[in-house]
Amino acid sequence: MISKNKFISDPEGVNPDKIPAKRLYTGDEIPVIGLGTFGSDHVSADQVAMAVRQAILLGYRHIDCASVYGNEHKIGPVLSELMEGGLERKELWMTSKVWNNMHGEGQVIESCKKSLSDLRLDYLDLYLVHWPFPNHHAAGVDVGSRDPDAVPYIHDNFMKTWRQMETLVETGLVRNIGTSNMTIPKLELVLRDAKIKPSCNEMELHPHFQQQEFFNYVVGKGIIPIGYSPVGSPARPERDRSPEDTADIEDPVIVEIAGRLNVHPAVVCIKWAVQRGQVPIPFSANRDNILSNLKSVVSEPLTDKEMELLAGIDRNCRLIKGQVFLWPDARGWEDLWDPDGEIAD
Ligand SMILES: NC(=O)c1ccc[n+]([C@@H]2O[C@H](COP(=O)([O-])OP(=O)(O)OC[C@H]3O[C@@H](n4cnc5c(N)ncnc54)[C@H](OP(=O)(O)O)[C@@H]3O)[C@@H](O)[C@H]2O)c1
């Protein structure tokens with residue numbers, strides 16, 4: 001019989017009890033590291049499901065899913081199998097997200113129910129609005145692809161979507177709700193008008209893109225920042241690559257710290273993330289990398305000096321610019337991110 005919270009069949013794994021957690025304003029606790037599940041259009045749904053299986057066996061208890069990743073129906077059977085083997089649902093933190101083409105009346109609830117059924121769960125720990133726009137793109141499109149019906153952020157419409165998120169909490173299908181790909185002015189309005197405030201905000205965060213002002217804002221509002229692309233998304237799709245992008249894992253400061261610790265530079269990025277205070281959700285389909293990323297949370301921390309050096313290498317390099325979500329009159333991808341502190345229209 002496998003005892004509670006000790007479901008590690010891989011002897012090299014980390015005891016999940018040793019992984020710290022952060023407390024949300026709702027009282028729930030989210031493990032400080034999760035496994036991402038976006039296969040970047042080249043890792044198959046089966047391979048991602050296998051990665052989830054390995055991750056849980058190695059001691060992960062937090063999985064970041066989304067309907068648009070196209071693999072929840074493969075992850076569900078893995079979760080069922082592990083739970084039949086003794087893993088308890090309450091040990092896991094499961095996140096999913098509503099995609100942009102399901103913001104309309106009734107659709108958020110429909111989409112959540114579909115994710116629950118695909119994941120074979122009866123509740124989610126966290127449900128996020130993936131992007132604050134109802135602008136759709138099909139899987140695998142290139143950077144020039146546009147949704148002809150794309151629109152800028154329309155707060156009244158977002159709140160209609162958010163009301164459905166609140167209903168999901170009220171009906172017990174979801175324990176916590178949150179936002180993703182937001183900006184300060186947009187979140188300011190949501191915090192003003194929400195009945196149930198977001199408890200987490202998922203945002204791009206890595207050493208070359210630290211978003212210090214937004215990070216401080218989120219933390220100051222009692223919201224947990226979940227950091228996506230924490231390693232700098234080295235295998236991201238072509239549509240998310242630009243010539244001016246920089247590579248965190250090639251940064252000399254990161255490479256040098258990795259040398260001292262005898263780890264891959266990716267591990268330094270994850271250590272930095274957790275020590276700074278966000279919850280990174282690195283993706284990996286490679287067992288050794290999945291394990292090193294988890295171990296990074298329980299091994300020797302970065303020194304204060306190293307944290308200071310890492311704070312100094314921010315390049316303001318946003319990788320996931322979101323070009324495919326632009327509306328016809330938008331000036332450029334920057335408009336998605338309100339660089340002037342006002343919501344672009
Ligand atoms: N909310 C949003 O809009 C949004 C947007 C983007 C991403 N996300 C979420 O964030 C997750 C992570 O972001 P991401 O997938 O873009 O990028 P990422 O986690 O920064 O990078 C993943 C890549 O890094 C490599 N890697 C990971 N750990 C490594 C290690 N220890 N050593 C060497 N290489 C390592 C992986 O290769 P191997 O497979 O070979 O290890 C993989 O190619 C996604 O999966 C998704 O769940 C959310």
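In which hand does helix 3 pass helix 4? The crossing is right-handed. A crossing has that hand if the near helix is turned clockwise from the far one by less than a right angle, and is left-handed if the turn is anticlockwise.

Some ground rules come next. This is a predicted model, in which local features need pLDDT of at least 70, side-chain atom pairs count only at pLDDT 80 or more, and totals for chains, interfaces and linings use all residues. Residues are numbered from 1 along each chain as its sequence is written.

Start with the whole chain. The protein chain has ten helices and ten strands. Both are DSSP runs numbered from the N terminus: helices are H or I with at least four residues, strands are E with at least two. The C-alpha trace spans about 55 × 45 × 35 Å along its principal axes.

Of the 345 residues, 45% count as buried. A residue is buried if 20 or more other C-beta atoms lie within 10 Å of its own, exposed if 12 or fewer, and partly exposed in between, with C-beta atoms placed from the backbone. Contacts with a separation of 6 or more are 74% between residues 24 or more positions apart. Two residues are in contact if their C-beta atoms, placed from the backbone, lie within 7 Å.

Now the helix pairs. Two packed helices are described by the angle between their axes and the distance between the axes. Helix 3 (residues 107–119) and helix 4 (residues 155–170) pack at about 45°, with axes 8 Å apart. Axes are lines fitted to C-alpha atoms, for helices over the stretch in contact, and angles run from 0 to 180 degrees between N-to-C directions. Helix 3 and helix 4 are therefore oblique to each other. Angles under 35 degrees count as roughly parallel, over 145 as roughly antiparallel, 65 to 115 as roughly perpendicular, and the rest as oblique. Helix 3 contributes Val 108, Ile 109 and Cys 112 to the contact, while helix 4 brings Thr 161, Gln 164, Met 165, Thr 167 and Leu 168. By class, that makes five nonpolar, three polar and no charged residues. Ala, Val, Leu, Ile, Met, Phe, Trp, Tyr, Cys and Pro count as nonpolar, Asp, Glu, Lys and Arg as charged, and the others, Gly among them, as polar.

Helix 1 (residues 45–58) and helix 2 (residues 72–84) have axes that come within 8 Å and cross at roughly 30°. This pair is therefore roughly parallel. The contact includes Val 48, Val 52 and Arg 53 of helix 1, and Lys 74 and Ile 75 of helix 2. Its classes are eight nonpolar, no polar and three charged residues.

Arg 120 counts as partly exposed because it has 16 C-beta neighbours inside 10 Å. Leaving out residues up to four places away in sequence, Arg 120 touches Gly 76, Pro 77, Leu 79 and Ser 80.

Finally, the backbone. Most residues other than glycine have a negative phi. Asp 41 has a positive phi of about 65°. Asp 41 lies in the loop between strand 3 (35–36) and helix 1. Ser 229 also has a positive phi, near 50°. Ser 229 counts as buried, with 25 C-beta neighbours inside 10 Å.
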